[in-house]
Amino acid sequence: MTGTVYLIGAGPGAPDLLTLRAADLLRRADIVFHDALVHPDTLALAGGAEKIAVGKRCGRHSTAQRFINKRLVDAARKHDLVVRLKGGDPMLFGRAQEEIDELSAAGIRSEVVPGITAALAASAELGVSLTRRGVARSVVLTTPRVGTDEAANDWAAGIHAGNTAVVYMGAGKAGEVAEQRLSNGVARATPVVIVENATLPERREIWCTAATLPQAARQSVEGPALIIIGRVLDKAQHDALHAEPPDEQTDRFLEYGNSWFR
Ligand code: SAH
(Lines give C-alpha, C1' and ligand atoms only; values in the text may rest on other atoms or scores of the structure.)
Protein backbone atom coordinates (compact mmCIF):
# COMPACT_ATOMS: atom_id res chain seq x y z
CA MET A 1 0.00 0.00 0.00
CA THR A 2 1.25 3.46 -0.88
CA GLY A 3 -0.02 6.75 0.49
CA THR A 4 -1.69 9.65 -1.26
CA VAL A 5 0.12 12.86 -2.18
CA TYR A 6 -1.96 16.04 -1.87
CA LEU A 7 -0.74 19.02 -3.87
CA ILE A 8 -2.15 21.85 -1.80
CA GLY A 9 -2.41 25.54 -2.57
CA ALA A 10 -1.35 27.56 0.47
CA GLY A 11 -2.71 30.83 -0.93
CA PRO A 12 -0.82 34.05 -1.63
CA GLY A 13 0.69 34.75 1.78
CA ALA A 14 -1.72 35.52 4.61
CA PRO A 15 -2.23 32.25 6.49
CA ASP A 16 -6.01 32.68 6.85
CA LEU A 17 -6.47 32.58 3.08
CA LEU A 18 -6.44 28.79 3.11
CA THR A 19 -9.29 26.41 2.29
CA LEU A 20 -10.83 24.29 5.06
CA ARG A 21 -9.91 21.20 3.06
CA ALA A 22 -6.25 22.25 3.03
CA ALA A 23 -6.27 22.96 6.77
CA ASP A 24 -7.81 19.56 7.51
CA LEU A 25 -5.25 17.71 5.37
CA LEU A 26 -2.36 19.63 6.94
CA ARG A 27 -3.54 18.63 10.41
CA ARG A 28 -3.54 14.97 9.39
CA ALA A 29 -0.34 15.05 7.32
CA ASP A 30 2.56 12.71 8.06
CA ILE A 31 5.07 14.72 6.05
CA VAL A 32 4.95 18.12 4.33
CA PHE A 33 7.20 19.29 1.48
CA HIS A 34 6.77 23.03 1.23
CA ASP A 35 7.82 26.04 -0.84
CA ALA A 36 9.90 28.84 0.65
CA LEU A 37 7.00 31.31 0.37
CA VAL A 38 4.62 29.39 2.64
CA HIS A 39 3.77 31.30 5.85
CA PRO A 40 5.06 29.73 9.12
CA ASP A 41 1.52 29.84 10.62
CA THR A 42 0.27 27.71 7.73
CA LEU A 43 3.04 25.20 8.34
CA ALA A 44 2.23 25.21 12.04
CA LEU A 45 -1.15 23.65 11.20
CA ALA A 46 0.77 20.49 10.31
CA GLY A 47 1.78 20.15 13.96
CA GLY A 48 2.93 16.55 14.02
CA ALA A 49 4.28 16.27 10.51
CA GLU A 50 7.87 16.22 9.41
CA LYS A 51 8.45 19.43 7.40
CA ILE A 52 10.86 19.70 4.51
CA ALA A 53 11.60 22.91 2.64
CA VAL A 54 12.01 22.34 -1.07
CA GLY A 55 11.38 25.94 -1.98
CA LYS A 56 12.35 27.63 -5.17
CA ARG A 57 12.84 31.35 -5.19
CA CYS A 58 13.79 33.23 -8.32
CA GLY A 59 17.54 33.59 -8.59
CA ARG A 60 18.26 31.70 -5.40
CA HIS A 61 19.34 28.17 -4.76
CA SER A 62 16.54 25.78 -5.59
CA THR A 63 15.99 22.10 -5.14
CA ALA A 64 15.98 20.50 -8.55
CA GLN A 65 12.49 19.56 -9.64
CA ARG A 66 13.49 16.01 -10.49
CA PHE A 67 14.79 15.56 -6.97
CA ILE A 68 11.51 16.89 -5.51
CA ASN A 69 9.52 14.47 -7.69
CA LYS A 70 11.61 11.57 -6.46
CA ARG A 71 11.24 12.58 -2.82
CA LEU A 72 7.45 12.71 -3.20
CA VAL A 73 7.42 9.19 -4.65
CA ASP A 74 9.68 7.89 -1.86
CA ALA A 75 7.56 9.59 0.82
CA ALA A 76 4.33 8.08 -0.53
CA ARG A 77 5.91 4.63 -0.21
CA LYS A 78 6.52 5.25 3.49
CA HIS A 79 3.62 7.45 4.63
CA ASP A 80 -0.18 7.52 4.27
CA LEU A 81 -0.68 11.23 3.90
CA VAL A 82 1.95 13.25 2.08
CA VAL A 83 1.46 16.97 1.45
CA ARG A 84 3.19 19.03 -1.21
CA LEU A 85 2.37 22.60 -0.15
CA LYS A 86 2.79 25.31 -2.77
CA GLY A 87 2.27 29.07 -2.75
CA GLY A 88 -0.94 30.40 -4.33
CA ASP A 89 -2.63 27.76 -6.46
CA PRO A 90 -0.60 24.65 -7.34
CA MET A 91 -1.84 24.63 -10.94
CA LEU A 92 -0.48 28.06 -11.88
CA PHE A 93 3.27 28.46 -12.36
CA GLY A 94 3.84 25.74 -9.78
CA ARG A 95 5.37 22.83 -11.73
CA ALA A 96 2.42 20.77 -10.48
CA GLN A 97 2.05 18.81 -13.71
CA GLU A 98 5.54 17.36 -13.43
CA GLU A 99 4.78 16.12 -9.94
CA ILE A 100 1.36 14.73 -10.89
CA ASP A 101 2.81 12.89 -13.88
CA GLU A 102 5.73 11.47 -11.94
CA LEU A 103 3.44 10.23 -9.16
CA SER A 104 1.05 8.74 -11.68
CA ALA A 105 3.92 6.95 -13.46
CA ALA A 106 4.97 5.47 -10.11
CA GLY A 107 1.40 4.27 -9.46
CA ILE A 108 0.85 6.75 -6.63
CA ARG A 109 -2.46 8.50 -6.10
CA SER A 110 -2.40 12.29 -6.05
CA GLU A 111 -5.04 14.94 -5.49
CA VAL A 112 -4.94 18.69 -5.93
CA VAL A 113 -6.44 21.15 -3.46
CA PRO A 114 -6.78 24.59 -5.03
CA GLY A 115 -5.54 27.77 -3.42
CA ILE A 116 -5.99 31.48 -4.03
CA THR A 117 -3.59 32.55 -6.71
CA ALA A 118 -1.59 35.78 -6.28
CA ALA A 119 -3.42 37.57 -9.12
CA LEU A 120 -6.80 37.19 -7.43
CA ALA A 121 -5.46 38.17 -4.02
CA ALA A 122 -3.89 41.34 -5.49
CA SER A 123 -7.10 42.17 -7.33
CA ALA A 124 -9.09 41.82 -4.09
CA GLU A 125 -6.74 44.08 -2.13
CA LEU A 126 -6.66 46.73 -4.82
CA GLY A 127 -10.45 46.67 -5.02
CA VAL A 128 -10.05 46.36 -8.77
CA SER A 129 -11.91 43.69 -10.71
CA LEU A 130 -9.67 42.16 -13.37
CA THR A 131 -12.59 42.00 -15.78
CA ARG A 132 -14.95 44.89 -16.35
CA ARG A 133 -17.80 45.48 -18.76
CA GLY A 134 -16.67 47.53 -21.70
CA VAL A 135 -13.04 47.63 -20.55
CA ALA A 136 -11.59 44.13 -20.27
CA ARG A 137 -13.26 40.85 -21.13
CA SER A 138 -10.28 38.64 -20.64
CA VAL A 139 -7.36 38.20 -18.31
CA VAL A 140 -3.96 36.92 -19.30
CA LEU A 141 -1.81 35.28 -16.64
CA THR A 142 1.69 35.06 -18.00
CA THR A 143 5.39 35.08 -17.16
CA PRO A 144 8.57 36.04 -18.98
CA ARG A 145 10.48 33.51 -16.93
CA VAL A 146 11.73 30.45 -18.78
CA GLY A 147 13.56 27.37 -17.53
CA THR A 148 17.23 26.89 -18.38
CA ASP A 149 16.30 24.24 -20.93
CA GLU A 150 13.60 26.38 -22.58
CA ALA A 151 13.85 28.89 -25.40
CA ALA A 152 12.36 32.35 -24.84
CA ASN A 153 8.88 32.23 -26.29
CA ASP A 154 6.10 34.62 -27.19
CA TRP A 155 4.95 34.94 -23.60
CA ALA A 156 3.41 38.38 -24.17
CA ALA A 157 1.59 37.55 -27.39
CA GLY A 158 -1.83 37.27 -25.76
CA ILE A 159 -1.62 40.69 -24.12
CA HIS A 160 -3.41 43.56 -25.86
CA ALA A 161 -5.19 46.82 -25.16
CA GLY A 162 -8.54 45.11 -24.48
CA ASN A 163 -7.50 42.79 -21.67
CA THR A 164 -5.88 42.78 -18.28
CA ALA A 165 -2.44 41.24 -17.97
CA VAL A 166 -1.05 39.82 -14.76
CA VAL A 167 2.64 39.03 -15.03
CA TYR A 168 4.07 36.54 -12.55
CA MET A 169 7.80 36.40 -11.78
CA GLY A 170 8.29 39.48 -13.91
CA ALA A 171 9.54 42.23 -11.59
CA GLY A 172 13.17 41.56 -12.46
CA LYS A 173 12.39 41.75 -16.16
CA ALA A 174 10.21 44.85 -16.20
CA GLY A 175 12.07 46.40 -19.11
CA GLU A 176 11.30 43.41 -21.24
CA VAL A 177 7.70 43.38 -20.00
CA ALA A 178 7.23 47.04 -20.91
CA GLU A 179 8.78 46.57 -24.33
CA GLN A 180 6.53 43.61 -25.14
CA ARG A 181 3.47 45.51 -23.94
CA LEU A 182 4.21 48.54 -26.04
CA SER A 183 4.90 46.44 -29.09
CA ASN A 184 1.42 44.93 -28.78
CA GLY A 185 -0.34 48.25 -29.30
CA VAL A 186 -0.78 49.12 -25.64
CA ALA A 187 -0.88 52.86 -24.99
CA ARG A 188 2.08 54.31 -23.09
CA ALA A 189 -0.30 55.81 -20.53
CA THR A 190 -1.91 52.46 -19.69
CA PRO A 191 -1.87 52.15 -15.91
CA VAL A 192 0.37 49.57 -14.28
CA VAL A 193 0.78 48.52 -10.69
CA ILE A 194 3.49 46.36 -9.20
CA VAL A 195 2.11 44.61 -6.13
CA GLU A 196 4.72 43.16 -3.83
CA ASN A 197 3.93 40.82 -0.92
CA ALA A 198 0.17 40.82 -1.53
CA THR A 199 -1.87 39.96 1.62
CA LEU A 200 1.16 40.29 3.92
CA PRO A 201 1.96 43.14 6.35
CA GLU A 202 4.95 44.24 4.23
CA ARG A 203 2.73 44.67 1.17
CA ARG A 204 3.72 47.47 -1.23
CA GLU A 205 2.21 49.01 -4.36
CA ILE A 206 4.23 50.85 -6.98
CA TRP A 207 2.09 52.70 -9.50
CA CYS A 208 3.36 53.63 -12.92
CA THR A 209 2.40 53.38 -16.56
CA ALA A 210 3.40 51.11 -19.41
CA ALA A 211 5.94 53.79 -20.37
CA THR A 212 7.49 54.22 -16.90
CA LEU A 213 7.44 50.58 -15.85
CA PRO A 214 11.19 49.97 -16.33
CA GLN A 215 12.10 52.87 -14.00
CA ALA A 216 9.42 51.89 -11.49
CA ALA A 217 10.68 48.33 -11.27
CA ARG A 218 14.20 49.57 -10.54
CA GLN A 219 13.02 50.35 -7.01
CA SER A 220 14.15 47.31 -5.16
CA VAL A 221 11.53 44.64 -5.06
CA GLU A 222 12.56 42.02 -2.53
CA GLY A 223 9.45 39.95 -2.03
CA PRO A 224 7.30 38.14 -4.56
CA ALA A 225 5.68 40.65 -6.90
CA LEU A 226 3.15 40.80 -9.69
CA ILE A 227 2.88 43.33 -12.47
CA ILE A 228 -0.73 44.15 -13.38
CA ILE A 229 -1.33 46.08 -16.58
CA GLY A 230 -4.59 47.31 -18.01
CA ARG A 231 -7.29 49.92 -18.23
CA VAL A 232 -9.26 48.31 -15.38
CA LEU A 233 -6.72 50.09 -13.15
CA ASP A 234 -7.67 53.57 -14.40
CA LYS A 235 -9.69 54.72 -11.41
CA ALA A 236 -7.44 53.09 -8.82
CA GLN A 237 -4.42 54.75 -10.47
CA HIS A 238 -6.13 58.10 -10.31
CA ASP A 239 -7.05 57.63 -6.65
CA ALA A 240 -3.55 56.46 -5.71
CA LEU A 241 -1.99 59.53 -7.30
CA HIS A 242 -4.37 61.88 -5.54
CA ALA A 243 -4.18 60.27 -2.13
CA GLU A 244 -1.83 61.91 0.35
CA PRO A 245 1.13 59.59 0.09
CA PRO A 246 3.45 59.03 3.04
CA ASP A 247 6.48 61.33 2.87
CA GLU A 248 8.91 58.77 1.64
CA GLN A 249 6.61 57.92 -1.23
CA THR A 250 6.08 61.45 -2.47
CA ASP A 251 8.90 61.51 -5.00
CA ARG A 252 7.85 58.27 -6.45
CA PHE A 253 4.23 59.34 -6.79
CA LEU A 254 5.20 62.65 -8.36
CA GLU A 255 7.56 61.01 -10.79
CA TYR A 256 4.99 58.54 -12.04
CA GLY A 257 2.15 60.97 -11.56
CA ASN A 258 3.73 63.36 -14.01
CA SER A 259 4.25 60.71 -16.60
CA TRP A 260 0.71 59.49 -16.10
CA PHE A 261 -0.82 62.90 -16.72
CA ARG A 262 1.54 63.89 -19.49
N1 SAH B 1 1.42 29.22 -7.72
C2 SAH B 1 1.60 30.61 -7.35
C3 SAH B 1 2.61 31.29 -8.26
C4 SAH B 1 4.00 30.74 -8.13
S5 SAH B 1 5.19 31.61 -9.10
C6 SAH B 1 0.25 31.33 -7.39
O7 SAH B 1 -0.73 30.74 -7.83
O8 SAH B 1 0.17 32.47 -6.94
C9 SAH B 1 5.78 32.80 -7.94
C10 SAH B 1 5.32 34.19 -8.35
O11 SAH B 1 3.97 34.39 -7.91
C12 SAH B 1 6.09 35.33 -7.76
O13 SAH B 1 7.27 35.60 -8.48
C14 SAH B 1 5.09 36.46 -7.90
O15 SAH B 1 5.04 36.92 -9.23
C16 SAH B 1 3.78 35.74 -7.59
N17 SAH B 1 3.40 35.85 -6.17
C18 SAH B 1 3.29 34.85 -5.27
N19 SAH B 1 2.89 35.32 -4.07
C20 SAH B 1 2.75 36.65 -4.20
C21 SAH B 1 2.37 37.71 -3.33
N22 SAH B 1 2.05 37.49 -2.04
N23 SAH B 1 2.35 38.98 -3.82
C24 SAH B 1 2.65 39.23 -5.11
N25 SAH B 1 3.02 38.28 -5.99
C26 SAH B 1 3.07 37.01 -5.55
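**Ground rules.** Residues are numbered from 1 along each chain as its sequence is written, and side-chain values use heavy atoms, without hydrogens or water. As this is a predicted model, local features need pLDDT of at least 70 and side-chain atom pairs count only at pLDDT 80 or more, while totals for chains, interfaces and linings use all residues.

**Entry 1: the whole protein.** I began with the overview and found 9 helices and 10 strands. I take these as DSSP runs numbered from the N terminus, with helices being H or I of at least four residues and strands E of at least two. Of the 262 residues, 49% count as buried, where buried is under 20% relative accessible area, exposed is over 50% and partly exposed is in between (1.4 Å probe, protein chains only). I also noted an accessible surface of about 13,200 Å², 50% of it belonging to carbon and sulfur atoms; the areas come from the Shrake-Rupley method with a 1.4 Å probe, and for residues only the protein chains shown count as cover. Among contacts (heavy atoms within 4.5 Å) with a separation of 6 or more, 70% join residues 24 or more positions apart.

**Entry 2: the sheet.** Next I traced an open sheet of 5 strands, ordered β3-β2-β4-β1-β5 with parallel pairing. Two strands pair here if DSSP finds at least two bridges between them. Because β3 (50–53) and β5 (109–113) each have a single partner strand, one side of each is left without a neighbour in the sheet. On average, neighbouring strands are turned by 20° against each other, direction ignored. For angles I use lines fitted to C-alpha atoms, for helices over the stretch in contact, and values run from 0 to 180 degrees between N-to-C directions.

**Entry 3: strand β2.** I then followed β2 (residues 31–34), which runs parallel to β3 and is joined to it by 4 bridges. The pairing of β2 with β4 is also parallel, over 4 bridges. Phe-33 stands opposite Ile-52 in β3 and opposite Arg-84 in β4, while Val-32 faces Lys-51 in β3. Is β2 covered on its faces by buried or exposed residues? I found Ile-31 and Phe-33 on one side and Val-32 and His-34 on the other, all buried.

**Entry 4: helices on the sheet.** Helix α1 (residues 20–28) lies across β1 (4–9), β2, β4 (81–86) and β5, at about 130° to β4. I checked α3 (residues 65–78) too: this helix lies across β1, β2, β3 and β4, at about 155° to β4.

**Entry 5: a loop glycine.** I looked up Gly-47, in the loop between α2 (40–44) and β3. Gly-47 is exposed, with a relative accessible area of 54%. Its C-alpha is 8.2 Å from that of Leu-26, 21 residues apart in sequence.

- A side-chain N or O atom of Thr-117 is 2.6 Å from a ligand oxygen.
- A backbone N or O atom of Ala-225 lies 2.6 Å from an oxygen of the ligand.
- A backbone N or O atom of Ala-198 lies 2.9 Å from a ligand nitrogen.

Taken alone the ligand exposes 540 Å², and the protein buries 91% of that.

Key
Polar contact = N/O pair within 3.5 Å; in protein donor to acceptor, adjacent residues only side chain to side chain.
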